Amino acid sequence: MRIAPAGTDSVSLALADQTGQPVADVESLALRAVTAEQPADGALRDALFRLDWAGLALDAAAEAADGWALLGGEDGYAAAALRRAGVGFDVYAGLDGAGAAARAPRVLVVPVEGAGEASAERVGELVGRVLGLLRDWQSDERFAGTRLLLLTSGAVVPRSGEAVHDLAAAAVWGLVRSAQAENPGRIVLADGPHPSHSSIDLGWDLLPAAVATDEPQLALRGGEFLVPRLARARASEALAVPGGERAWRLDVRGRGTLENLALVPAPEADAPLAAGQVRIGVRAAGLNFRDVMLSLGLYPGEFVLGGEGAGVVLETGAGVTSLKPGDRVMGIFDGAFGPVAVADARSVHRVPKGWTFAQAAAVPIVFMTAYYGLVDLARARRGERVLIHAAAGGVGMAAVQLARHLGLEVYGTASPGKWDTLRAAGLDGERLANSRTLDFEGAFLEATGGRGVDIVLDSLAREFVDASLRLLPGGGRFLEMGKTDIRVPSEVAEAHPGVEYRAFDLVDAGPERIGEMLAALVELFESGDLSPLPVTTWDVRQAKDAFRYVSQAKHTGKVVLTVPAGFDPDGTVLVTGGTGTLGGLLARHLVRRYGVRNLLLTSRSGPAAAGAAELTAELAGLGARAAVVACDVADSGALTELLAGIPAEHPLTAVVHTAGVLDDGILGSLTGERLERVLRPKTAAALALHERTRDLDLSAFVLFSSAAGVFGNPGQANYAAANASLDALALHRRALGLPAVSLAWGMWEEASTMTAHLAGGEGPRPGRGGSGALGSEEGLALFDAAFADGAAVLVPARLDLRAVSGSAGPVPPLLRGLVRPAGRRAAAAVRLPGGVSPAERLAGLTPVARERELLEIVRENTAVVFGHANADTVDVAKPFKALGIDSLTALELRNRVTAATGLRLPPTLVFDYPTPAALAERLVEEFAVAAAGAVDGTRAGAAAGEPAGPAAVLADIDRLEAAIGSVDAAGEAAVGARLRELLAAWNGRTAAAAPDAAPADIESATAEDIFDLLDGELGTL
């Protein structure tokens, strides 16, 4: 690369490959002034990461499945998985039996399952058991040629909307990652779907091929094996909270695509209250299909997203006597996707005791819609038959419960993948049918002896409505909840005598009746007659992912968005390890940056810890009161006593768990005692904090984890297990709707009592990927960035990716999403619009480049719409139908492709061209027609004596490119020499041009594009 001055405030760049051939010329590169946001963005780019999961391309027939064996019995999850995989296997009770076999197994499968609810004892028992097995296997020469496959279920979260089902097994993942580092290529971790997952039977035939790859960690979901990849946590991917605003809400800036979702100021939520109103500090809000439809522009008129939620009463208006500040409430109110909202006091009710805010936010709309429809409008009577469409959705599941309570005979439809959910709700085989086909009509007529049903609760459209109306042969009540196919009641009555048709909305009931229904429902919940629905949660800053998940109908039950509350200056923040180096740094930062005024700092030594008195004095000087207490937080009794001592006027509102202990050693040297010494202050303490605070209104629950649990450092298997359990706990709490973030820190420059003896520190050690240490200011800035991001688990670490890209060996699998092998990239790869429309930009490319670009546009937008980690995971030959396409996702993909290409495309585009490859070919054809006309015009001008335009030249180059392919070996030298002469002449011409003649595609490139260009040529920096 050659850099030279180009004017007073810019430089020129000339890039060449290793042979000296030119790759790119940038005639003028100027740097913009730094904005206030950019330093944080730079820190995110270089030192804040997340764990993504990418698809793994496999051929089921590529690997022979012989020589496999299983430890344990022939029953259980692992044995069933091997049978689904078509693998023949021997069974041994333990390692001794496998070692005594005439021939050692080629692959030895070890089931890893934690029993029951997560507890420190169960985590320690399972991790200790696996540690013992690994030690014995590693030291036994009979297994020198045997690979271990440790199989878990629901221990990791490779896809949005999932939860950790086995926290003890999640800790084992950390342990085994370190064991893999000490035994390269000999151990594989694989996680299958939880038994409740609809795709439990899919994809196991690929297991032998997956194990045969060089991927050490695998997860099977939806019939596809996924592999973990570290990725940069881009600030732009999380919705930014408006700075300096107490009240804000989720809105959409331009309908048609979910990419337009944004958090915007909401001053109306802070306006003076009218009589009968209450102001609510929202903690969670229910996400409904209506919100998605509104965002995609499928509902007319003005609207406010978020119609239900749960939180704490902040203020009451005149005349409100039923509620007071501090009450935990749930109900119906607009603008719920934000920290502050205003509600009619009649439309909210106190939250039942023991419920989380997420559970409460999932109740109002779905249960009241079902109640209003069945009780008020349908006037349902015991013994009547009711058909509930989409019975596994939110309203559907609520209606099934309520209908059974009312004594109705319930029939339901849902996609087959959700039938197990409905079977668990009491629907047997003949009362259950597919919502994607019309077969339900015949099935339910047969099941009822031709009598059909008395009530239909509908949310479908078109021919499905017609079929449902025919299921009321003797008349009845047809209640339409959807808004996509509303019929005229009189016309329905004429075509179907005796049928009362009504399309309804919950708001039709009015606030008085809404309050009465909500009160009646709370009584049914408290009596045990009804149960809260299963809930899937997202942070509101991750709303794009949540809306897309709902649009694809992937969920059962209800999706809820949790709302960050931040640190409360009047509350108390508990910091474990608070007198340590990191604890002290953070305590000061919480006071300076977040205005915290009450701190409870715990450690093993308490006030006797070195520097404790100086720390409390310094915090007092900053305006904060800090109490330092000696407490073993892992001791449940001691923790209960500690929390009881927090003054009521400053209740506990946040927890930051920084405590930890190191006891490093290679796998063979670790004992149960050394494992327990590390697990207790990390895992046991974190679980105790979770159990003792889960019913409190916490605004933050921050876990200081370590990158060791993600990377699996050699010599730190016990520490990796402890930290992996913290990451899993954060995911578990999020699934419950509770606040949590786990930060898997790399090494800090400032030595602590834990790390002072380390030469390398946490994270990937030198020689294994390379890591640097974080300075205190950088670390605290990353804390802020992570806290604002909204993700449950993040990795703040200084990675030396240059060392990885420049090493002779292969890139570690975990880093393959960050480090690309250095490879030649054409200068034309940097192409973004600069004052030209997308259509003009694409039209200006050569046909070959345009075809490549259009395929990439389709892949990138398909990845976004279907929630893939990146475009590389999109199989262009795989039908959209197999990806889960529906009308909403098809519409959004059409909208996104239209915006990216400037073409006018039909709404049925994705259905007419059913694969990404076919869709890209259609786009190529559209541009080819326009390009042909442009070329004909330039040729006519050249024939008249006018200079040839670029389109004609590019067309000639395309013909030349095609002709070169037919040159034989004898002519290669002459042709190559002539091409080099032409290129040299062209380079001389462009070098003599003025600076303002720089190619438009480079001038319009962003900093990110320039970095990508350099990455491709020089390796990722």
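Ala-231 lies in strand S11, which covers residues 224-232. Strands here are DSSP runs of E with at least two residues, and helices are runs of H or I with at least four, both numbered from the N terminus. The model is predicted, so local features need pLDDT of at least 70 and side-chain atom pairs count only at pLDDT 80 or more, while totals for chains, interfaces and linings use all residues. Residues are numbered from 1 along each chain as its sequence is written, and side-chain values use heavy atoms, with hydrogens and water left out.

Ala-231 has a relative accessible area of 14%, so it is buried. Buried means under 20% relative accessible area, exposed means over 50%, and partly exposed falls in between (1.4 Å probe, protein chains only). Set aside the neighbours within four places in sequence, and Ala-231 is in contact with Leu-48, Phe-49, Arg-50, Asp-52 and Leu-818. Contact means heavy atoms within 4.5 Å. Val-795 is 564 residues from Ala-231 in sequence, but their C-alpha atoms are 9.5 Å apart in space.

Now turn to strand S34, residues 793-796. S34 pairs with S32 in the parallel sense, over two bridges. Two strands pair if DSSP finds at least two bridges between them. Leu-794 in S34 is the bridge partner of Leu-743.

S32 also pairs with strand S31 (residues 700-706), again parallel, over five bridges. There, Leu-703 stands opposite Ser-742 of S32.

How enclosed is S32 itself? Five of the five residues of this strand (741-745) are buried, so the rest of the structure largely encloses it. Val-741, Leu-743 and Trp-745 point one way. Ser-742 and Ala-744 point the other way, and all are buried.
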